[in-house]
Amino acid sequence: MTAPPDLWRQWDLHPSVIMGLALLGGLYVHLGGLRAARRRVASFAGALVVLGLALNGPLHNLSDGYLFSAHMVQHLVLTLVFPPLLLYGTPAWVVRPLVQPHWVHRVARRATRPLAAGVLFSVPITLWHFPQFYEAALEHHPLHIVQHLVFLATGVVMWWPVLSPSPELPRAGYLTQLLYLFVLGLPMSVAGALITLSGEVLYPFYAAAPRVWDVGPLADQQLGGLVMWVGGTIYLWVAATVVWFRWAAREERGEAERAVPLEAYGNAEVGTRNAEQAGRPPC
């Protein structure tokens, strides 16, 4: 069943999304996230705003009922924009209680290593774009919710080796981060290229959808493939450039060791290190 042509303009709010945002924000406040530096609190707030805008209102409506290209923008927001903001905005003391159980820490330690994190992200996002799985998610709303939750969870895991907020689950070394971000873009580029270069409409749902801005189904699909192929790749290259400059700055200061310094995790980690050097347990 297709949506009316102008329904996408509405700013409707989905209760499940609002509840999820409230739960995430409430947990952050409860675990003391507001004690973090202002820029980190602002980053976390930005993550909630980005998530809310991606899953409510015009972008969500365009994605669910009109344009494949809008859906690709939404997916990139969920996987490449929201997770970095979330991780940068989350201080270590918020993460620690969540991974404190031994089995959780053991699983998280393995899942957040670069190879595992890359696979856990790349395999689901590639499989979900196979036409049969993609169509199923569009036709069945509960499955669509599962799809988005998978993207969010694997997106956070994917960014962990680059932006881990906790040294107990450490970031990869700078060289490893560079290689990781480069390799990570390959599956997304291949999937995007195959979608872009296809000579036929792969997703019948969007072929039957109301036309917006006179964009035809095949042109819409090609644009969506380019968003995934070029947009995703450029985004990861920008992230790799930031990592490169951080590494180069340390090289200039003569700090050429491979490990990411504790200062990168936030002020709380500097206090932890100082306490350990003084021979007393950290607060």
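Predicted model: local features only at pLDDT ≥ 70, side-chain atom pairs only at ≥ 80, totals over all residues.
# Notebook: an all-helix chain

I started with burial: 46% of the 283 residues in the chain are buried, where buried means under 20% relative accessible area, exposed over 50% and partly exposed in between, with a 1.4 Å probe and protein chains only. Residues are numbered from 1 along each chain as its sequence is written, and side-chain values use heavy atoms, leaving out hydrogens and water.

**Overall layout.** I looked up the secondary structure and found 13 helices and 0 strands. Helices here are DSSP runs of H or I with at least four residues, strands are runs of E with at least two, and the numbering goes from the N terminus. I then checked the contacts, meaning heavy atoms within 4.5 Å. Of those in the chain with a separation of 6 or more, 76% are between residues 24 or more positions apart. The chain exposes about 14500 Å², and carbon and sulfur atoms supply 70% of that; the areas come from the Shrake-Rupley method with a 1.4 Å probe, and for residues only the protein chains shown count as cover.

**Helix α3.** Is this helix enclosed or open? I found that 7 of the 9 residues of α3 (residues 57–65) are buried, so the helix is largely enclosed by the rest of the structure. The buried ones are Gly57, Pro58, His60, Asn61, Leu62, Ser63 and Gly65. Their cover includes α2 (38–55), α4, α8 (131–139) and α11 (204–207).

**Proline 83.** I found this proline in helix α4 (residues 68–89). Proline 83 counts as buried because its relative accessibility is 0%. Setting aside neighbours within four places in sequence, I listed its contacts as Val77, Leu78, Gly155, Val156 and Trp159. Glycine 155 is 72 residues away from proline 83 in sequence, yet the two sit 6.0 Å apart in space, C-alpha to C-alpha.

**Salt bridge.** My rule was a side-chain nitrogen of Lys or Arg within 4 Å of a carboxyl oxygen of Asp or Glu. How many did that give? The count comes to 1 salt bridge. Arginine 96 pairs with glutamate 168, and the closest N and O atoms are 2.9 Å apart. The pair links distant parts of the chain, 72 residues apart: arginine 96 is in helix α5 (residues 92–99), and glutamate 168 is in the loop between α9 (141–163) and α10. Arginine 96 is partly exposed, at a relative accessible area of 27%, and glutamate 168 is partly exposed as well, at 30%.

**Surface patches.** For these I took residues with over 30% relative accessible area and no salt bridge, joining like charges within 9 Å and nonpolar side chains (Val, Leu, Ile, Met, Phe, Trp, Tyr) within 5 Å.

The nonpolar patch is formed by Phe182, Val183, Leu186, Leu226, Val230, Ile234, Trp237, Val238 and Val242, with about 820 Å² of accessible area together. Both α10 (174–197) and α12 (217–252) supply at least two of its residues, and α12 gives the largest share, 6 residues. I picked out valine 242, which lies in α12; at 42% relative accessibility, valine 242 counts as partly exposed.

I also found a surface patch of positive charge, where Arg106, Arg109, Arg110 and Arg113 gather. Lys and Arg count as positive and Asp and Glu as negative, while His and the chain ends are not counted. A charge is placed at NZ of Lys, CZ of Arg, CG of Asp or CD of Glu. Arginine 113 sits in the loop between α6 (102–111) and α7 (114–127) and counts as partly exposed, at 48% relative accessibility.
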